[in-house]
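Here is a short report for a reader new to this structure. Look over the sequence and the model first, then read on.

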Amino acid sequence: MVPEIDVVSFKKRLDARAEGKDDFFVLDVRNPNEQQIALVPGTDKLIPVSELAARIDELKNQIDKEILVYCRSGGRSGMACGILAQAGFKSYKNVAGGILAYSDLVDPSMQKY
């Protein structure tokens with residue numbers, strides 16, 4: 001079972017981080033063309049899930065931080081959490097529902113696709 005965070009809690013944590021009250025890393029595992037359609041403000045890095053295992057070294061400096069992972073609906077980010085676990089990362093969460101839930105529950109102006 002992959003640990004999850006709901007989008008409302010995710011947004012609260014993003015706001016707290018912007019105020020210097022929280023520290024974590026936000027990973028988008030969608031494809032670059034999807035990020036051009038919709039992007040969660042505060043995203044730290046884009047690595048498509050299909051490339052994550054090969055590019056895992058790009059995240060090694062984040063190994064001690066919690067990593068919050070999102071995609072369009074939560075499926076790919078769940079797979080990405082599994083890749084992080086296999087690579088030795090200890091603290092990660094799947095943003096449940098991804099961009100679609102974020103648009104529904106946090107920011108209705110965010111374009112769905």
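## Around helix H5

The buried residues of H5 are covered by, among others, H1, E4 and strand E5 (92-95). Helices (H or I, at least four residues) and strands (E, at least two) are DSSP runs, numbered from the N terminus. Which residues of H5 are buried? They are Gly-98, Ile-99, Ala-101, Tyr-102 and Ser-103. Buried means under 20% relative accessible area, with exposed over 50% and partly exposed in between (1.4 Å probe, protein chains only).

This is a predicted model: local features need pLDDT of at least 70, side-chain atom pairs count only at pLDDT 80 or more, and totals for chains, interfaces and linings use all residues. Residues are numbered from 1 along each chain as its sequence is written, and side-chain values use heavy atoms, leaving out hydrogens and water.

## H1 against H5

Helix H1 (residues 7-18) packs on helix H5 (residues 98-105) at an angle of about 80°, and their axes are 9 Å apart. H1 is therefore roughly perpendicular to H5. Angles of 65 to 115 degrees count as roughly perpendicular, under 35 as roughly parallel, over 145 as roughly antiparallel and the rest as oblique. Axes are lines fitted to C-alpha atoms, for helices over the stretch in contact, and angles run from 0 to 180 degrees between N-to-C directions.

H1 brings Val-7, Val-8, Phe-10, Lys-11 and Leu-14 to the contact, and H5 brings Gly-98, Ala-101, Tyr-102 and Leu-105. Contact means heavy atoms within 4.5 Å.

## The sheet

Five strands form an open sheet in the order E1-E5-E4-E2-E3, with parallel pairing. Two strands pair if DSSP finds at least two bridges between them. The edge strands, E1 (4-5) and E3 (45-46), each pair on one side only. E1 and E5 run parallel, joined by two bridges. Ile-5 stands opposite Val-95 in E5. H4 lies across E4 and E5, at about 170° to E5.

## The largest core

A nonpolar core is a set of buried Ala, Val, Leu, Ile, Met, Phe, Trp, Tyr and Cys residues joined through side-chain atoms within 4.5 Å. The largest has 17 residues; Leu-27, Leu-52, Leu-59, Ile-67, Val-69 and Leu-84 touch the most other members.

H4 gives the most, with four residues. A second, separate core of 15 residues includes Leu-14, Phe-24, Ala-38 and Ile-99.
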